[in-house]
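User: Hi! I have a chain open in my viewer and would like to talk it through with you. Could you help me find my way around?

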Amino acid sequence: MPARATPRRDQLFDALVALLLAEGFAHLTLDEIAARLRCSKRTLYALAGSKEQLVNAAVVHFFRGATERVERAVKSAERAADRVGAYLRAVAVELAPASAAFFDDVAAFPPATEVYRRNTRIAARRVRELVDEGVAVGEFRDVHAAFVADVVTAVMVRIQQRALAEATGLTDGEAYANLAELLLHGLAAPVDGATHTVSAE
């Protein structure tokens with residue numbers, strides 16, 4: 001994407017993202033995209049030099065905006081546990097509009113796959129930071145944050161690779177919402193002096 005953003009450019013990318021999320025992009029031509037966005041092909045070429053570059057730019061635009069909105073949700077939460085939940089649930093909200101066709105097309109298009117993979121790694125690292133914060137203030141059990149982050153990363157990767165959708169039938173957004181519930185229940189500090197032990201038997 002050109003470095004200089006304008007309101008019109010942002011509006012076009014927002015409309016393009018909405019189209020791709022709803023329908024995917026492998027089947028769409030530039031002519032069809034221009035018609036759906038009610039603009040000229042020349043306008044699209046001002047955004048990117050080819051359909052492939054346009055799609056990649058749109059995927060980057062989607063994840064950039066999603067990241068900003070997710071972080072705003074985190075900042076609005078006061079407690080560490082609420083921040084972890086807010087983070088994963090906000091991710092679920094951001095991914096909810098994305099159709100199976102979109103994710104299938106992303107998986108089949110290496111540049112877009114790399115964008116998704118990179119954002120998955122960033123998300124896993126952010127979860128580890130939030131878990132570390134929760135442990136430090138005593139809101140979470142004294143868990144091995146790196147282990148938790150590795151488990152979360154593994155689930156996120158399975159979501160990104162479409163493996164979890166195939167195994168469970170969950171959408172990506174639903175999967176993140178379930179991950180949030182599972183993680184928060186597992187991290188919750190004992191109440192009233194109760195202890196949690198793990199048997200080796």
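This is a predicted model: local features need pLDDT of at least 70, side-chain atom pairs count only at pLDDT 80 or more; totals for chains, interfaces and linings use all residues.

User: Good to know. What does the secondary structure of the protein chain come to?

Analyst: There are 10 helices and zero strands. Along the sequence the pattern reads α-α-α-α-α-α-α-α-α-α.

User: And what box do the C-alpha atoms fill?

Analyst: Taken along the principal axes, the box is roughly 65 × 35 × 20 Å. Of the 201 residues in the chain, 43% are buried. As for contacts with a separation of 6 or more, 68% of them join residues 24 or more positions apart.

User: Let's look at packing. How do helix 4 and helix 7 pack?

Analyst: Helix 4 covers residues 51-75 and helix 7 covers residues 110-136; they pack at an angle of about 15°, and their axes are 9 Å apart. Because angles under 35 degrees count as roughly parallel, helix 4 is roughly parallel to helix 7. Their crossing is right-handed.

User: Which residues make that contact?

Analyst: From helix 4, the residues include Val 59, Val 60, Phe 63 and Thr 67, and from helix 7 they include Val 115, Tyr 116, Asn 119 and Leu 130. By class, the contact has nine nonpolar, three polar and two charged residues.

User: Nice. Now, what about helix 8 and helix 10, at what angle do they pack?

Analyst: The angle is about 165°, with the axes of helix 8 and helix 10 (residues 172-187) 11 Å apart. That is over 145 degrees, so helix 8 and helix 10 are roughly antiparallel to each other. The crossing of helix 8 and helix 10 is right-handed.

User: Who meets whom there?

Analyst: Val 148, Val 152, Val 155, Met 156 and Ile 159 of helix 8 meet a set in helix 10 that includes Asp 172, Tyr 176, Leu 179 and Leu 183.

User: On to the largest nonpolar core. Which residues touch the most other members?

Analyst: Leu 44, Leu 54, Tyr 87, Leu 88 and Phe 102 do, out of the 62 residues in that core. Helix 4 gives the most to the core, with nine residues.

User: And what is Leu 44 in contact with?

Analyst: Setting aside neighbours within four places in sequence, Leu 44 is in contact with Leu 30, Ile 33, Ala 34, Leu 37, Cys 39 and Leu 54.

User: What about phi of Arg 38?

Analyst: It is near 60°, a positive value in a residue other than glycine. Arg 38 lies in the loop between helix 2 (30-37) and helix 3 (41-47), and at 78% relative accessibility Arg 38 counts as exposed.

User: Last one: where is Val 137?

Analyst: Val 137 is in the loop between helix 7 and helix 8 (145-160). Val 137 is exposed, at a relative accessible area of 57%. From Val 137 to Val 106, 31 residues apart along the chain, the C-alpha atoms are separated by 39 Å.

Technical notes
Residues are numbered from 1 along each chain as its sequence is written. Side-chain values use heavy atoms; hydrogens and water are left out. Axes are lines fitted to C-alpha atoms, for helices over the stretch in contact, and angles run from 0 to 180 degrees between N-to-C directions. Helices (H or I, at least four residues) and strands (E, at least two) are DSSP runs, numbered from the N terminus. Angles under 35 degrees count as roughly parallel, over 145 as roughly antiparallel, 65 to 115 as roughly perpendicular and the rest as oblique. A crossing is left-handed if the near helix is turned anticlockwise from the far one by less than a right angle, and right-handed if clockwise. Contact means heavy atoms within 4.5 Å. Ala, Val, Leu, Ile, Met, Phe, Trp, Tyr, Cys and Pro count as nonpolar, Asp, Glu, Lys and Arg as charged, and the others, Gly among them, as polar. A nonpolar core is a set of buried Ala, Val, Leu, Ile, Met, Phe, Trp, Tyr and Cys residues joined through side-chain atoms within 4.5 Å. Buried means under 20% relative accessible area, exposed over 50%, partly exposed in between (1.4 Å probe, protein chains only).
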